[in-house]
Amino acid sequence: MSGDPGKHKNVHRWTKQDMAQHLLPAIPLLVFYAGTVYLLDASSPYLAVVFLLLWIATNVAVVGICAGCPYRGGYCPGLSQLYFAPLLSVMIYRTPAKPASIRSFRVPLLLLGMFGIGSYLFAFYWLFALYWPSRAIVVLALLGLLILHMPLSFFILCPKCSYNDTCPMAKVHKAVKKS
């Protein structure tokens, strides 16, 4: 693990079991991305390229958050979310940044939301427009995979994230866990 764990309250020492468990939310997401790119590319390579560019933009938006993470440069559960932002942050920021505050989370989270949700909306708009009703089962299966990925990530990754006192999603996770 890289970074100074003293900067964060919530630094988890990753075990091989943790790393294997982090693959669980990655599987439906990986199948979703592969299926979506395949179907979009079958209709128009341009649609597949735009979808992949939105995924790249999502990763670039996350770089600022990754820069202050103590896991930066080492194992990161974000990699199991198909993000390469942790690796990109090591290339962009030579030294680790200070941990993100809720204030410094605002812009990267806004960008993450715009590009992340935007990529999913883009994909499903075109999947429904191009393949409904001829491949309705496939489109619904892809939607189901994405929906399955979200709670798996939420309950497997959020509890051990170094930002779970700062990140708005982790705060939601803690509130749900309490009730």
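Q: How much space lies in the largest pocket, and which residues line it?

A: This is a predicted model, in which local features need pLDDT of at least 70 and side-chain atom pairs count only at pLDDT 80 or more, while totals for chains, interfaces and linings use all residues. Residues are numbered from 1 along each chain as its sequence is written, and side-chain values use heavy atoms, with hydrogens and water left out.

The protein chain has 6 helices and 0 strands, where helices (H or I, at least four residues) and strands (E, at least two) are DSSP runs numbered from the N terminus.

About 1200 Å³ of space lies in the largest pocket, a volume being the space filled by probe spheres set on grid points that are joined across faces, edges and corners. A pocket here is an open set of points, on a 1 Å grid over the protein atoms alone, where a 1.4 Å probe fits, with protein on both sides within 12 Å along at least five of seven lines; lining residues have an atom within 4 Å of a point.

The lining comprises 38 residues, and Gln81, Tyr83, Leu112, Ser153 and Met169 lie nearest the centre of the pocket. At least two lining residues come from each of helix 1 (16-43), helix 2 (45-66), helix 4 (102-131), helix 5 (136-156) and helix 6 (168-178), with helix 4 giving the largest share, 8 residues. By class, the lining has 30 nonpolar, 7 polar and 1 charged residues, where Ala, Val, Leu, Ile, Met, Phe, Trp, Tyr, Cys and Pro count as nonpolar, Asp, Glu, Lys and Arg as charged, and the others, Gly among them, as polar.
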